[in-house]
Amino acid sequence: MSVHKKILEKHGYQEQDHQQQQQSEQDKVKILLSKLVNSQYIRPTSQVFPMSKSTYFDAKMPFAIVATPFGPSIEEGFPCVDFGNNVILRCENCRGYLNPYMTFHQQGEDIRCNLCLMQMRIPAYFYQPLNEENNFQRSDYYERADLSQGSYDIRVGQDYNNNRPPMAPTYFFMIDVSYKTQGILSILSSVLKEAISKYNDRTQIGFITFDKQIQLYNFDSKLKSAQMVVITDMTTQELPIPGELVFNVFDSKDQIFAFLDNLDIMFQNRPQPEATQFCNALVISQKIIQFVGGKLIIVNGSQIEQLQLKAQQQKQNILAFPSNPIFSQLTPEMHFQNICPSIFIFPNGYMNVITLNDLARHLNGDLFYYDDINSAHKNFFYDLKDVLERDYAWEAVFRIRPSMGWRIRQTYGNYSIKNNDLLNLTQCDQQFILLYRSKSLTYELELLNPTARTDTLYIQSATLYTSQSGQRRIRVHNYALPLTDDINLIYQMADVPTISAVILKLGLYKLYKTLSPIDTSRFIYLSIKVLYEMGLEKQDENVIQIAQYGIGLMKNAVFNSTYSQSTNTDIVNQQRLWFNYMNVDELTSYYLPSLFKIDDIAPDECILDNNGYFIFPQQVTLSLESIQSGIFLMDCGNLIIIYISKQHNQQLCSDIFGNYYMQQPLQEDNLYFKSENPINNQLHSLIQELRRQKHTKYEPLQIIKQGDKNEKIFLQRLIYDDLNPKLFKI
């Protein structure tokens, strides 16, 4: 029996007649693909990988996977298996976890690992005979997720955590209280108070504020109010308050709430200093939470002295790269302490974000940058709310294992390496990441031998983590990729959006290594050009679409920017951090937007179908010709744009924006004027669904009329008017 047939049967596919038995290999692969584990966890550049080294190179395609290790929360009913007091069943050789692709032998007494092909004896506590009436499956086949499903959790004990208690959810705030951030302190307080009301009784919290000085806070439940202590000697190694400075939110709730109620008036009318004690505050924050770890929330609106550039550093190529190693030197110790930052920046001139990025990039953190004074407060409200209410995988360690004969050539993303797997250096690596469900890592895979030993590439990812409620678990995802030497089939099954995302991440990696934006842009152009030419040669309409993604990539500011000491450079460098960890669907929206014509939304669109999936309207081509008349909505990833062309349905516009829409600038508050028109409910549903699918930041909305000064914000995101087929031809 072929491996493909075994996999099909594991996913419930049974050959029913002679015609199915005679299907071509291509048809079998297509049926197999429809049964694979959900691609939101592991998404390959093609659903079929090469069987031989020669095909690997001849295909001229990046063979990689984009892995999202966490995925849904355990509160959403994620399947779980429990070995009780018994040892978790794993391969004795490669340490892979039990999964549906392992096969039982000797009447169920032995099991063969799909990753390394080793066959071993089943422990007595796990043995069950195979049931002939159940297609020679175990009787508990459908009861155990690790036998019948591609993704599942394994409940583990403290022996998987160095015999120490599970990490408590911890949030430590490092807040700049100088003049620039005065306006957002009340927002921070209200959002945090709401979040605290949703936290469980294990959650801990702490604060440090800074400007020209540093202030620490004691929220001991025995105190009537919070105790503030000002640090004046920055050289001291001892903290002025004895004991821990993180507190249980339930025990100290009254003290914390009283502090938050007064936070916006405690530091009123303070002048904006030339530079603050940011770096000293960071070192003290690390010292406070070094034994508990957690989420470090940093709010800053001031220049950081150590990041101000000297005259010889103010060249264009330097501004694209970190200018000071201060943060990259701190991160090795911080990642062992399980500290992960979310940084909120309110710029006071050029802030050297690319250097500050080191703090987030190496610790799998976030960075938010609010350059637009008109939308900064609203965006901060939603971004902070999301960061504080996310479902995290605490103290997470991630491993990925490809099957024998394959190795991980390179890893792309925001992470830090703890150590390589001691069992097999070429197959596994291990990273620390405080995981949020949407963050992804990209792995470029390489075939080691001239020909693969099996006709299927298996991939298993495993994330050891602590849930919000304190459960210690291992999240396992399994994926199977058929192998072939048919390049035509590889291209037919290619995932073009994933290929473009991988090329982008390869480009970001090259940008950090070569320090040359020009060389990186050329690398992206040549990568797209080769794939486009192969698509033409194979007459594959699927891969030919890579051209539109390529135009979007080359137009993107990350690879097509003039670097200067400006907020624009900071914004571009911020996006480089985001692009490193975004999942495919969110990432591609940044360089290939979705465009919908509001006029054409049908009654059965912008609603949920019977399975709970949102029905999107038909997309419109990203060209000038398509936007000559009507009202359009464009999803740009970090921004939703509603565009009103000069020729439009005036009654429809009045129903949406109000009767005086042409006489006044429009904002989101102007939407949904006439509730009787169902288009308003549909438009609202569409906007909310687009925002729901964005996990990196809140997506604001901007309304632009044809002829407005800012019309280029919309027009520059069109693709097809720039798409010249000759661009990618030799």
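**Note on the predicted model: sheet, helix contact and salt bridges**

1. Met 634 has Ile 641 of strand 29 standing opposite. The structure discussed here is a predicted model. The two strands concerned are strand 28, residues 631–635, and strand 29, residues 640–644; they pair in the antiparallel sense, over five bridges.

2. As a general point, strands of a sheet pair through backbone hydrogen bonds, in either a parallel or an antiparallel way.

3. Helix 8 contributes Phe 278, Cys 279, Leu 282 and Gln 286 to the contact, while helix 9 contributes Ile 326, Phe 327, Leu 330, Glu 333 and Met 334. Sorted by class, the residues in this contact are seven nonpolar, one polar and one charged.

4. On salt bridges, the whole structure contains 29. One of them joins the side chains of Arg 121 and Glu 109, at 3.1 Å from N to O. Arg 121 is in strand 7 (residues 119–121), and Glu 109 is in the loop between strand 5 (103–105) and strand 6 (110–112); the two are 12 residues apart. Arg 121 has a relative accessible area of 52% and is exposed, since the cut-off for exposed is over 50%. Glu 109, at 33% relative accessibility, counts as partly exposed.

5. A further salt bridge is formed by the side chains of Glu 194 and Lys 385, with an N to O distance of 2.9 Å. Glu 194 lies in helix 6 (residues 185–196) and Lys 385 in helix 11 (residues 376–389), so this pair ties together parts 191 residues apart in sequence. With a relative accessibility of 34%, Glu 194 counts as partly exposed.

6. Is the pair Glu 699 and Lys 694 buried or exposed? Both residues are buried. They form a salt bridge in which the closest N and O atoms are 3.7 Å apart.

7. Some salt bridges are linked to one another. Lys 295, Asp 366, Asp 386, Arg 390 and Lys 439 are joined in a network of them.

8. The last point concerns Glu 537, a residue of helix 14 (residues 517–538). Its relative accessibility is 58%, so Glu 537 counts as exposed. Between Glu 537 and Asn 488 there are 9.9 Å in space, C-alpha to C-alpha, while in sequence the two are 49 residues apart.

Technical notes. Residues are numbered from 1 along each chain as its sequence is written. This is a predicted model: local features need pLDDT of at least 70, side-chain atom pairs count only at pLDDT 80 or more; totals for chains, interfaces and linings use all residues. Side-chain values use heavy atoms; hydrogens and water are left out. Contact means heavy atoms within 4.5 Å. Helices (H or I, at least four residues) and strands (E, at least two) are DSSP runs, numbered from the N terminus. Ala, Val, Leu, Ile, Met, Phe, Trp, Tyr, Cys and Pro count as nonpolar, Asp, Glu, Lys and Arg as charged, and the others, Gly among them, as polar. Buried means under 20% relative accessible area, exposed over 50%, partly exposed in between (1.4 Å probe, protein chains only). A salt bridge is a side-chain nitrogen of Lys or Arg within 4 Å of a carboxyl oxygen of Asp or Glu. Two strands pair if DSSP finds at least two bridges between them.
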